[in-house]
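Welcome! Here is a short tour of one protein structure, written for someone meeting it for the first time. Please have a look at it before reading on.

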Amino acid sequence: MELLINPNKTASLTGHRILAKDFDKNRLISRLKELILDGYDTFLVGMAIGFDTEAFKCILELKKEYSIKIIACIPCLNQSERFNLKQKKEYDQLINLADDKLVISKEYNSTCMQKRNRFMVEYSTATIAYLRRENGGTANTVAYAIKRGNKVIYV
């Protein structure tokens, strides 16, 4: 499948799987609206539990008001294999609501998550980040976004 993505109108999202108790969904919606009003119409979501799931749901809400689309960036076909039953059900529902889907690898391997994150940064010019730690996948993704010159917006 070939996706037509205009990076100048595309934002990527990255964040932790575990959200702090003070996570503010309204702040995320506000940041997403700012990008939409700046002309962004496509959002790349990595489909992990936690921040990705919340971001996807916020974008779905905004789709009621704005002409935007969600591309599910799936690191591997069996991504939800270790999710609990509730998480799998929600994952399947969200995947079905995505406007497009991109699978990075057929099977899980040690690099599929990083490849997904790099793809999302490389095909966007803005990155919304929920970053609370200085190490790990989210921190690496934000560092890569900064290195590439993406506009980074923290939630």
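Glu-61 is partly exposed, because its relative accessible area is 41%, and partly exposed covers the range between buried (under 20% relative accessible area) and exposed (over 50%), with a 1.4 Å probe and protein chains only. Glu-61 belongs to helix H2. Its C-alpha atom is separated by 8.8 Å from that of Ile-29, 32 residues apart along the chain.

A word on the source: this is a predicted model, in which local features need pLDDT of at least 70 and side-chain atom pairs count only at pLDDT 80 or more, while totals for chains, interfaces and linings use all residues. Residues are numbered from 1 along each chain as its sequence is written, and side-chain values use heavy atoms, with hydrogens and water left out.

Helices (H or I, at least four residues) and strands (E, at least two) are DSSP runs numbered from the N terminus. Two of the helices can be set side by side, with the expected span taken as 1.5 Å times one less than the number of residues.

| Helix | Number of residues | First to last C-alpha | Expected span |
|---|---|---|---|
| H2 | 13 residues | 18 Å | 18 Å |
| H5 | 12 residues | 16 Å | 16 Å |

Let us stay with H2 for a moment. Its buried residues include Phe-51, Asp-52, Cys-58 and Leu-62. Among the elements that the buried residues of H2 pack against are helix H1 (25–37), strand S3 (69–76) and helix H3; contact here means heavy atoms within 4.5 Å.

How do H2 and H3 meet? The axes of H2 (residues 51–63) and H3 (residues 85–97) come within 11 Å and cross at roughly 45 degrees, which makes H2 oblique to H3. Axes are lines fitted to C-alpha atoms, for helices over the stretch in contact, and angles run from 0 to 180 degrees between N-to-C directions. Oblique is what remains after roughly parallel (under 35 degrees), roughly antiparallel (over 145) and roughly perpendicular (65 to 115). From H2, Thr-53, Phe-56, Lys-57 and Leu-60 meet Glu-90, Leu-94 and Leu-97 of H3.

Now to a loop: Gln-79 sits between S3 and H3. Gln-79 counts as buried because its relative accessibility is 9%. Leaving aside neighbours within four places in sequence, its contacts include Gly-46, Ile-74, Tyr-91 and Arg-116.

Finally, H5 has buried residues as well, among them Thr-138, Val-142 and Tyr-144. Their cover includes S1, helix H4 (112–122), S5 and strand S6 (151–154). After H5 comes Gly-149, with a positive phi near 90 degrees.
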